[in-house]
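Take a walk through this model, helix by helix and then ligand by ligand. Keep the structure open as you read.

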Amino acid sequence: MKRALLTVLSPHAARPALRSQIQPTNHLRIMSTPTARRHAHTLKDPSLFKQQCYINGAWVDAKSGKTFEVEDPATGTVIGTMPEMSKEDTQTAIDAAAAALPAFRQLPGRQRARMLHKWFQLMMENQEDLATLIMWENGKAKGDAMGEVVYAANFFEWFSEEAPRAGGDTIPASTAGNRVFTIKQPVGVCGLITPWNFPAAMITRKIGPALAAGCTVVAKSPGETPFTAAALAELAHRAGIPPGVVNIVSSLKNTAEVGSALTSSDIVKKVSFTGSTGVGKLLMKQSSDSLKKLSFELGGNAPFIVFNDADLDAAVAGAIASKFRASGQTCVCANRLYVQSGIYDDFAKAFTEKVKQFKVGPGDQEGVTHGPLIHDRAVSKVKAHVADAVKQGGKVLTGGEAMPDLGANFFQPTVIRDMKPDMQLASEETFGPVAGLFSFESEAEVVKHANNAEVGLAGYFFSKDIQRCYRVAEALEVGMVGVNTGLISDVAAPFGGVKWSGFGREGSKYGIAEYQIIKMVTLGGMGGDLQGS
Ligand SMILES: NC(=O)c1ccc[n+]([C@@H]2O[C@H](COP(=O)([O-])OP(=O)(O)OC[C@H]3O[C@@H](n4cnc5c(N)ncnc54)[C@H](O)[C@@H]3O)[C@@H](O)[C@H]2O)c1
Ligand SMILES: O=CCCC(=O)O
């Protein structure tokens, strides 16, 4: 439906033409533009399309009245605008979260669980609309977007089940007469910062455990994909989450200012960030003065290893799933594909054949398997990695080019063989649809190459040798290993990295601990002989 409204103009013509119609100075004005209105009307529930921030249970604009435009990466057309929030606006949100904290933390876990469960149900009931918003602002194919909504909602369901079970321990004391126990308490107000590549799931993976633990939050939505976050806030409202417990602020140009308001605040006790390693390091420095509790889910550069003894079909399917999920724009995507020499040619052929079957296009078109990249900077990085590989002797088996006929942000799914360790792709996360195939001879050699990275998020390998499976899984310097599978993301499994991929774990039974403190209580003068009276 959305595509139909844009057929009046070609993707290239659409951008300047629509932009000249839309000179937004405030929220009301953009709501009256044809683009914003038509986008809203293609949702089953248009009231999920919010162009304001959610603070203290109310929909608000930036105090300055400033907004920024959000574009559909498939067409470059403006979807709508969001408030350009400032330090002052962020402080309002922090104050609201602080005011809501005392009552919210006192609620029984069971009651918080019910709210989270209601929020989960509302997400599932509105799955199609949320997927449409994700598709518009992120570009991913409709099927992927529908899958992301389920993945995202599952974090609320999971942590609704953890909330009532957040008990402490009873510990045998070393001193006679003492009794020791622990209680788990919410860390307090949390600042959450998330990227555009999973507009729903990266936020719910943080808000779910935070609320389960009894914390209140200020989440800064990604500048590229703020509408999904705003729709989630609307559903939080409908789920009966009390005002001030969940606050969402948006920014584009003011992002550093908003980030600094969260990291420098003495009220905010915890910052959880998902994004690039460079920004993670900056936020860690900024948080040092107030000694915050931190969780950082940062960049990856996943090795994907295929041994001679692997099941070839399974390895090809795993590589397709891992490398090309969301057009290569996930932090756990395979980045370096190491294939042992005995199986290299067969793997390269079978893998390339599968890649050639992809259908690239706007996410809502029938049969499209892969959408655009998020913006032109992402396309430039992909182009640079391909050019560098080709210059140094890499051979392109398929793809290798941008697809301007589809739009400025499309790039062909690409396979390059004869990759060398000193090529750019070997040491940098491509974050795009380019698979570079490296050849190797021995297990020891490939583990050395795999571990030769500053980051350590995910790693994958395929082998039928059970002893090798243990050896290599234990030797890889990463936080998550996929053995004979290319898909490891699961709400029940701990997600996180080592080295420059950060620290902390999300999802699973460990995720809630990131939002709790363990308080120990020692009771003296306990026990002793039974009293006669
Ligand atoms: N480990 C994980 O779980 C995980 C998940 C998704 C993405 N990532 C990583 O994220 C990167 C891609 O996302 P990106 O390019 O949007 O990352 P990014 O670091 O540029 O942005 C991530 C978030 O941080 C915000 N941000 C940027 N500069 C900031 C500042 N100075 N202060 C406060 N906030 C700031 C952005 O607005 C966005 O919301 C990749 O490196 C990818 O591997 C990691
Ligand atoms: O991009 C990073 C997150 C990916 C995932 O949760 O599977």
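Is the crossing of H6 and H8 left-handed or right-handed? The crossing of H6 and H8 is left-handed. A crossing counts as left-handed if the near helix is turned anticlockwise from the far one by less than a right angle, and as right-handed if clockwise. Helices (H or I, at least four residues) are DSSP runs, numbered from the N terminus.

A word on the source. This is a predicted model, in which local features need pLDDT of at least 70, side-chain atom pairs count only at pLDDT 80 or more, and totals for chains, interfaces and linings use all residues. Residues are numbered from 1 along each chain as its sequence is written, while chains are lettered from A and ligands numbered from 1 in the order in which they are written.

Back to the helix pair. H6 spans residues 109-125 and H8 spans residues 142-162. They pack at an angle of about 165 degrees, with their axes 8 Å apart. Axes are lines fitted to C-alpha atoms, for helices over the stretch in contact, and angles run from 0 to 180 degrees between N-to-C directions. H6 and H8 are therefore roughly antiparallel to each other, a term for angles over 145 degrees. On the H6 side, the contact includes Trp 119, Phe 120, Met 123 and Met 124. On the H8 side, Val 149, Phe 156 and Phe 159 are among the residues. Contact here means C-beta atoms, placed from the backbone, within 7 Å. By class, this contact has eleven nonpolar, two polar and one charged residues. Ala, Val, Leu, Ile, Met, Phe, Trp, Tyr, Cys and Pro count as nonpolar, Asp, Glu, Lys and Arg as charged, and the others, Gly among them, as polar.

H8 has another partner, H7. These two helices pack at an angle of about 120 degrees, with their axes 8 Å apart. H7 and H8 are therefore oblique to each other, the class left once angles under 35, over 145 and from 65 to 115 degrees are set aside. Their crossing is right-handed. H7 brings Gln 127, Leu 130, Ala 131, Ile 134 and Met 135. H8 answers with Lys 142, Ala 145, Met 146, Glu 148 and Val 149. Seven of these residues are nonpolar, one is polar and two are charged.

Now step back to the domains. The chain is divided into domain 1 (46-298) and domain 2 (302-495), with bounds from an automatic or database domain assignment. Their centres, taken over C-alpha atoms, are 31 Å apart. The contact takes 20 residues from each of domain 1 and domain 2. On the domain 1 side, helix H7 (127-138) and H8 are the elements that give two or more residues. H8 gives the most, with seven residues. That side divides into nine nonpolar, seven polar and four charged residues.

Where do the ligands sit? Both domains give residues to the shell around ligand 1, so ligand 1 lies between them. The shell holds 27 residues, and the closest are Gly 259, Gly 275, Glu 297, Gly 299 and Cys 331. A residue is near a molecule if its C-beta atom, placed from the backbone, lies within 6 Å of it. H11 (255-264) and H12 (277-286) each give two or more residues. H11 has the largest share, three residues. The classes are twelve nonpolar, twelve polar and three charged.

Ligand 2 also has shell residues from both domains, so ligand 2 lies between them. Its surroundings are Asn 197, Phe 198, Ala 201, Thr 330, Cys 331, Val 332, Ser 489 and Phe 495. Five are nonpolar, three are polar and none is charged.

Notes. Two residues are in contact if their C-beta atoms, placed from the backbone, lie within 7 Å.
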